[in-house]
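Student: I would like to learn how to read helix packing and charged pairs in a protein model. Could you walk me through an example?

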Amino acid sequence: IWDFLDHKKLVARRAGAFTPLRDPDKLRYAHIDLATATQAGVSICHTADTRKIDGLYDRHTGRAFSEFRPVVEYDLVLSLVAGTAKPISFEKIQNLFFWLRDRCGFRFGLITADTYQSAGLLQILESRGFAAKVLSLDRTKEPYYSWREGFIEGRVRLFKHSILWHESEHLIDGAEKIDHPESASKDVSDSAAGAYFNAFKAKESGSTNHAEPAIHGGSAEPVSDDPHGMTSGLTGTQPATSMVRRFGG
């Protein structure tokens, strides 16, 4: 996977070692939405800052309050597809995390994956020292609601990604889960929302971080060597019921 990443936008060389280009001291949080023949999504982010959000009130008690909430910045949002003859390689996905940690200096607070064929991958990551567990975005709406609230409050730093934009635009708030129409997918948006949720809920953010949405009133690139001996390549982006509604509405 790293053959297709522009590592100069991801890592920098400092004091003879490779470190993350942005906020190198912060823990990273990731979510993987696995697939074999269609599309897999991998997103990695971190809490870059905090922002005070005023005008909130607890929908259960009606009490008004303010809260410092994390500003989440994305390092990677990847769409991975199968080759013409072979399926998506789970081994290459796990090797990406090994490379980021062991060669590029990334420290991970948590890596999650959906339930689909993720047991083996998560076991390998955990055996190599990563905190890893299952997070299914088809069984709870909480990650997507939390992610949407982050956008409303201006706490998400995200680069342009056409696939993520398209998927997010067509999300549907179904009766039991956040879904997608038959003509669209949500693999990349699942990975982005899951990674954000992991970062938002992390203790490192230093706030209480109520995941349940509240009601509120508003909303450089240093010189780097090649950590893998590769030249710079491409960036990594390359049915509803009667009760559903558009998620972004």
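Student: Which residues in α4 meet which residues in α5?

Tutor: Happy to start there, with one reminder: this is a predicted model. On the α4 side you will find Ile163, Leu164, Glu167 and Ser168, and they meet Asp187, Val188, Ser189 and Ala192 of α5. Sorted by class, the contact of α4 with α5 has 4 nonpolar, 2 polar and 2 charged residues.

Student: At what angle do α4 and α5 pack?

Tutor: The general idea is to compare the angle with a range: 65 to 115 degrees counts as roughly perpendicular. Here helix α4 (residues 162–169) and helix α5 (residues 187–201) pack at about 90°, and their axes are 8 Å apart. The two helices are therefore roughly perpendicular to each other.

Student: And how do the axes of α3 and α5 cross?

Tutor: They come within 8 Å and cross at roughly 80°. That makes α3 roughly perpendicular to α5. From α3, the contact uses Glu142, Pro143, Tyr144, Ser146, Trp147 and Gly150, while α5 brings Ser189, Asp190, Ala192, Ala193, Tyr196, Phe197 and Phe200. By class, this contact of α3 with α5 has 8 nonpolar, 3 polar and 2 charged residues.

Student: Let's move on to charges. How many salt bridges does a search of the whole structure find?

Tutor: A search of the whole structure finds 13 salt bridges. One of them joins the side chains of Arg69 and Glu153, at 2.6 Å from N to O. This pair links distant parts of the chain, 84 residues apart: Arg69 is in strand β5 (residues 64–81), and Glu153 is in the loop between α3 (142–152) and β8 (156–157).

Student: Are Arg69 and Glu153 buried or exposed?

Tutor: The test here is relative accessible area, and under 20% means buried. Arg69 has 0% relative accessibility, so Arg69 counts as buried. Glu153 has a relative accessible area of 2%, so Glu153 is buried too.

Student: Which residues are linked with Arg69 in a network of salt bridges?

Tutor: The network links Glu67, Arg69, Glu149, Glu153 and Arg155.

Student: To finish, how many helices and strands does the chain have, and what percentage of the residues is buried?

Tutor: The chain has 5 helices and 11 strands. Buried residues make up 47% of its 249 residues. As for the accessible surface, it comes to about 12400 Å², and 52% of that belongs to carbon and sulfur atoms.

Definitions and conventions: Residues are numbered from 1 along each chain as its sequence is written. This is a predicted model: local features need pLDDT of at least 70, side-chain atom pairs count only at pLDDT 80 or more; totals for chains, interfaces and linings use all residues. Side-chain values use heavy atoms; hydrogens and water are left out. Helices (H or I, at least four residues) and strands (E, at least two) are DSSP runs, numbered from the N terminus. Buried means under 20% relative accessible area, exposed over 50%, partly exposed in between (1.4 Å probe, protein chains only). Accessible areas come from the Shrake-Rupley method with a 1.4 Å probe; for residues, only the protein chains shown count as cover. Axes are lines fitted to C-alpha atoms, for helices over the stretch in contact, and angles run from 0 to 180 degrees between N-to-C directions. Angles under 35 degrees count as roughly parallel, over 145 as roughly antiparallel, 65 to 115 as roughly perpendicular and the rest as oblique. Contact means heavy atoms within 4.5 Å. Ala, Val, Leu, Ile, Met, Phe, Trp, Tyr, Cys and Pro count as nonpolar, Asp, Glu, Lys and Arg as charged, and the others, Gly among them, as polar. A salt bridge is a side-chain nitrogen of Lys or Arg within 4 Å of a carboxyl oxygen of Asp or Glu.
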